[in-house]
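Hi,

Here is the structure I said I would pass on. Have a look at it first, and my notes come after.

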Amino acid sequence: MNLRRALREPTGRPRVDRTLRAVAVPLAVGLPAAVVVLWLSTTVFPYLSVNHDEGVYLQQAAMLLHGRLFLRTPFPDAFRPWFFVVDGDRMYSKYTPVPAAVFALGKLAGSYRYALAGVAAANAALVVALTRDAFDTRTGLLAGIALLGTPLFLITSATFLPYAPTTMLNLAFAAAYVRAVRRDDRRWAALAGCFVGLAFFARPYTAVLFVVPFAAHALLELARARPADRSLRNPSSLFDSPTFRRIAGRYAVVSALGLTWVGVTLAYNWHVTGSVLRFPYAAFAPHDGLGFGRRELLGYERDYTPLLALRANARVLWSFATQWTVAAPLGTLLAAAGLGTFVARARATWSGLGTTGRPGLSDLELRAVFAGLLLSVVAGNVYFWGNLNVLAELDNPGDGFIALFGPFYHFDLLLPLSAFAASGTVALASRVRRLVRARLDRSQTRAVLLALLLVAAPVLAVAEQRAVSRPVSANADLSEKHAAAYQPFERRDLSNALVFVPTPYGDWLNHPFQALRNDPSLRGDVVYVQDRGAAGDFRIVDAYDDRKLYRYTYRGRWSPAADATVTPALQRLRVREGERVRVTTTVGIPDDTRGVNVRLEAGDRAATYSLTRTGDDRATLTWVVTPDGARVVDAVGANLTETGRTRVPVDGAERVSLAVTVVQPGGSTFTYRLEASMLAANGTVRTLWPPEERLCRLTVHCGREGTYLPGETTLDGAFVNATVETDP
């Protein structure tokens, strides 16, 4: 009997039953959110997205799992990942480690993607719980359903980006804050301080914008708790009041724990950048960050004026309202209705928001905090030029990152938008029900309401399908391109391999090839390295001399566009060495050829020749590289005539290339270009074989659009084949 009493509250309601109900409703939305996001992550983003920050966070997560904050190597130029700062022989991410730590927890559970599911579940459950705290259980459940139908939530949560984890910490702070205030419990206050401090560590500015409305409420509560006979000119006298002392103590706990994590953030800055106030992102790009004026990141520079900021943010918010809310734009309209209902009720009971009421946090005040989030997040983002960069073109909000991922810098708005959309739905349904009941009897009312529901359901379904399918389809198309690009890796055993990868976007790893990430030791089963020229290539080969060598290459132009597909290849490389390297190159010569020019290059020096065909539809050239230099020594199927320097000096490590230009009728040309890394030293020559091969139209130099892959040429009669011999 005593146990039974212990499980009952004064109202007689079983405490266990109430706890189960309190947990069951958020879980009813959180679990489907986890399933949907995990499905999206594995099917739409199997090779990650075109936002290459994902690779940065996953690289950082792997480092944390190995107990590392830095990558260390004597070859940072060859191993530098995207968005990593180089500091001597060490490299570190421009991002703080908190989101990466969240993803690392997923890996500990079995897969990084489990973290995405867990974060989505937590965010959905917290939105339900907080909306229930501000309204009621029914509205909380509707808010969770609205969140599940929001494209911004689904797409961003399915990617390894920091916005959903940071929002999870912010929402956890909010939930703990509400309970700390309403239960006057310092344990919840301590949790609130820890969560907001962690959110600050994750994304400082995001956390500050989120906490502003809560801080405003805290100040309001302190003001209401101030004894009427106490003067602010003597602050110590305020603590004579037990109520003020209790409330101030609670907020002191929140502040102390929050500031502790702020201190951890600053200590991390000092450890990695050498300065307490220098954040890693500023070490990477000093002019990338908050504020107006000159903003710059990796050579992209803008004068971020207040007018430009307002224009960019207006475009972003318009895109949010019309494309990225639930069943857009219906979700936005419902949220506006809910916000309007709140404003009307707040006006009617404005004394509850004044400074003379009782301390605490009423439902109406919590709704005011939600409305405050709309103001703080929207206004604060104007000061951040990242909202300009999500738009590829200012006048086209359907392009750029925003077209694929939505306005992710405004991710924290999902709480107030979901809550007010749910309350707007409830208010609209209640008004319709009252209007119908005032004119019809009960049976007629049921029939009319059912008919309205049958009409509204397809409209909502179509709007939701349009809102979600567009970004899902666009990202899925890009994933098909990624799958084709990574196909050679799916078919090969690359144990104990060293793979040279191309750098189409500059001197970075994982940009764009996010799936090709190194173990934090840089000694994993597979090591990926940038192609850094002949000298750099041989230094890497010598440092990893026990590994099988490969070159990843492709033909085509790599770009974010889904239709910019490439044809990939993974070539086995070997080091060939001898006193002399003898290369035999056979090329196709079409019948209508007007002339053939040959150019042998090493660095900025070249030897030139001309060919006159004497045989069939091909010519075979033999060129030799020795420590004394390189020259073409023989031609089969053509007469070889020297037209310039006959020998090219090879000084140490060089890229030695042979270019054979075929002149066709009308002056059009195509060029076979073979380029091999050579190292002439100590009386021997070393080469990485096979060479890179190109087939270029109208130029002797072409990018990867001209990469030659056997059997893949589109030029009639064109082909190239090269073999190598080395003298001992």
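Predicted model: local features only at pLDDT ≥ 70, side-chain atom pairs only at ≥ 80, totals over all residues.

Residues are numbered from 1 along each chain as its sequence is written, and side-chain values use heavy atoms, with hydrogens and water left out.

Let's start with strand S6, residues 497-501. Helices (H or I, at least four residues) and strands (E, at least two) are DSSP runs, numbered from the N terminus. Five of the five residues of S6 are buried, so the strand is largely enclosed by the rest of the structure. Buried here means under 20% relative accessible area, against over 50% for exposed and in between for partly exposed (1.4 Å probe, protein chains only). In a regular strand, side chains alternate between the two faces of the sheet. In S6, Ala497, Val499 and Val501 point one way, while Leu498 and Phe500 point the other.

Which strands does S6 pair with? One is S7 (residues 526-530), in the parallel sense over five bridges, and Leu498 sits opposite Val527 there. Another is S8 (residues 548-555), also parallel, over four bridges, where Lys548 is the bridge partner of Ala497. Pairing takes at least two bridges found by DSSP between two strands.

Elsewhere there is an open sheet of three strands in the order S1-S3-S2, with antiparallel pairing. S1 (71-72) and S2 (84-87) are at the edges with a single partner strand each, so one side of each has no neighbour in the sheet. S2 pairs with S3 (residues 90-93) over four bridges, and Asp87 faces Arg90 of S3.

Now the helices. The buried residues of H10 (residues 186-202) include Gly193, Val196, Phe200 and Phe201. Their cover includes H5 (98-109), H9 (163-183), H11 (204-225) and H12 (242-273). At the start of H10, a side-chain oxygen of Asp185 comes within 2.8 Å of the backbone nitrogen of Arg187.

H5 also packs against H6 (residues 112-134), at an angle of about 115° and with the axes 6 Å apart. Axes are lines fitted to C-alpha atoms, for helices over the stretch in contact, and angles run from 0 to 180 degrees between N-to-C directions.

Cheers

Technical notes
Expected span 1.5 Å × (residues − 1). Contact = heavy atoms within 4.5 Å. Polar contact = N/O pair within 3.5 Å; in protein donor to acceptor, adjacent residues only side chain to side chain.
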